[in-house]
Amino acid sequence: MCEKGETEMERILQVKTAKLYEAVDITDQIEGMIEEGEEGFLFVMAPHTSAALLMGMNLPAAIADNERVTQTMFACARPYLHAGKDGPNAEGHMYSWLHGNEMILPIEKGKLKLGKLQRIFFVETSGPRNRKVRVFNIK
């Protein structure tokens, strides 16, 4: 679901996740925010400390590999200093720091200018939750 943001150039995409770790392909929803013939850029951000935005292939095996590698990598770093009451989502925070939660996407002739197999993913690391992705149109 998309809604207007606080300014004319902002749109908000609602993302509902069902699992602790979940990669949600949001490419089509973001592309749906672009007007026909539009040129410029989109600044996309996930305003959450335990979520990330990634670009990759929408293949179940690739998504499973990302989750497996991530869990293995973060397990090696336990225990986290900010885990517990003050940081119950410590691994999710590290995921967001390492992968990032914003991106700039080029628009050409009303379409996202992505590689042939590139898709945009919102990655939840502390779900299930209702989240927002903020999309700003920069012309």
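Begin by selecting L54, whose bridge partner in β8 is F121. The model in your viewer is a predicted one, in which local features need pLDDT of at least 70, side-chain atom pairs count only at pLDDT 80 or more, and totals for chains, interfaces and linings use all residues. Residues are numbered from 1 along each chain as its sequence is written, and side-chain values use heavy atoms, with hydrogens and water left out.

**The sheet**

Now widen the selection to β5 and to β8 (residues 119–124), which pair in the antiparallel sense over six bridges; strands here are DSSP runs of E with at least two residues, helices are runs of H or I with at least four residues, and both are numbered from the N terminus. Two strands are said to pair if DSSP finds at least two bridges between them.

Move to the loop between α2 (60–75) and α3 (90–99), where Y80 is found. Is Y80 buried or exposed? Y80 is buried, because its relative accessible area is 14%, and buried means under 20%, exposed over 50% and partly exposed in between (1.4 Å probe, protein chains only). Leaving aside neighbours within four places in sequence, Y80 is in contact (heavy atoms within 4.5 Å) with F74, A90, E91 and M94.

**E38 and K109**

Finally, select E38, in the loop between α1 (27–31) and β4 (40–45). Leaving aside neighbours within four places in sequence, the residues in contact with E38 include K109 and K139. Select K109 in turn, in the loop between β6 (102–108) and β7 (111–112); K109 has a positive phi of about 55° although it is not a glycine, and K109 counts as exposed because its relative accessibility is 65%.
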